[in-house]
Every structure is written in C-alpha cells, then in structure tokens.
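Here's a quick briefing to read with the model open beside you. Take a look at the fold, then work through the notes below.

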Amino acid sequence: MLIITRKINEGIVIDGDIKIVVLGIEGNRVKFGITAPRKTGVFREELIEAVKKENQLAGNASQADIDFTIFKSSK
C-alpha cells in the first residue's frame with residue numbers, strides 16, 4: 001500500500017487519466033473528487049463487498065468468478 005499525505009485541493013493521478021483530489025475534511029471524514037474515464041468503474045468499497053457477499057450467498061458464482069469485472073461499465 002502506498003501512503004500519501006495530501007492537503008485540501010491537492011490530488012494524485014493514477015495511470016495518467018484517473019485524478020483524485022481532496023475536496024474537504026470534516027471531522028473524521030474526507031471528501032474526494034474523482035475524475036476518471038467513463039469506462040472506469042469507481043465504486044465505494046462496501047458496495048463491492050456487499051455484491052460479492054450476495055453472490056456467494058446466492059450461489060451464483062464461485063469465488064474465482066467474483067471480481068471487480070462485474071462492476072466495470074460496458075460504455
């Protein structure tokens with residue numbers, strides 16, 4: 001894991017076309033702005049985990065079949 005310190009209005013760039021900027025800090029919460037190509041899925045981690053868990057409970061997919069590709073946009 002890479003750990004980076006940023007201030008408000010500072011950001012990072014990932015792979016040349018994904019930009020994440022710190023928009024604000026309120027108490028123990030950080031607000032990010034994310035710019036990414038439309039084909040790149042950007043999701044909250046807890047949503048991904050919830051879908052994985054539901055898929056496992058429903059028996060719709062094996063563990064090997066459950067990955068981030070289910071979240072990628074077809075656009």
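**A nonpolar patch on the surface**

Ile-8, Ile-25, Val-30, Phe-32, Ile-34 and Val-42 come together as a nonpolar surface patch, with about 550 Å² of accessible area between them. Patches here are built from residues with over 30% relative accessible area and no salt bridge, joining nonpolar side chains (Val, Leu, Ile, Met, Phe, Trp, Tyr) within 5 Å and like charges within 9 Å. A salt bridge, in turn, is a side-chain nitrogen of Lys or Arg within 4 Å of a carboxyl oxygen of Asp or Glu. Accessible areas come from the Shrake-Rupley method with a 1.4 Å probe, and for residues only the protein chains shown count as cover.

Bear in mind that this is a predicted model: local features need pLDDT of at least 70, and side-chain atom pairs count only at pLDDT 80 or more, while totals for chains, interfaces and linings use all residues. Residues are numbered from 1 along each chain as its sequence is written, and side-chain values use heavy atoms, with hydrogens and water left out.

**Overall make-up**

- Helices (H or I, at least four residues) and strands (E, at least two) are DSSP runs, numbered from the N terminus.
- Of the chain's 75 residues, 13% count as buried; that label means under 20% relative accessible area, with exposed over 50% and partly exposed in between (1.4 Å probe, protein chains only).
- Take contacts (heavy atoms within 4.5 Å) between residues at least 6 apart in sequence: 11% of them join residues at least 24 apart.

**The sheet**

- The three strands make an open, antiparallel sheet in the order β1-β2-β3; strands pair if DSSP finds at least two bridges between them.
- β1 (11-14) and β3 (29-35) sit at the edges with a single partner strand each, so one side of each has no neighbour in the sheet.
- From one strand to the next, the twist averages 25°, using axes that are lines fitted to C-alpha atoms (for helices, over the stretch in contact) and angles from 0 to 180 degrees between N-to-C directions.

**β1 and β2**

- Four bridges join these antiparallel strands, and Val-13 stands opposite Lys-19 in β2.
- The two strands form a hairpin with three residues between them, and Asp-15 in the turn has a positive phi of about 55°.
- Val-13, in strand β1, is exposed at a relative accessible area of 55%.
- Leaving out residues up to four places away in sequence, Val-13 touches Ile-18 and Lys-19.
- Val-13 and Ile-34 are 21 residues apart in sequence, and their C-alpha atoms are 9.8 Å apart.

**β2 and β3**

- Strand β2 (residues 18-26) pairs with β3 in the antiparallel sense over seven bridges.
- Among the facing residues, Ile-25 stands opposite Val-30, and Val-22 has Phe-32 as its bridge partner.
- Two residues lie between the strands of this hairpin, where Gly-27 takes a positive phi near 65°.
- Back at the patch, β3 gives the most, with three residues.
- Val-30, found in β3, is partly exposed, with a relative accessible area of 44%.
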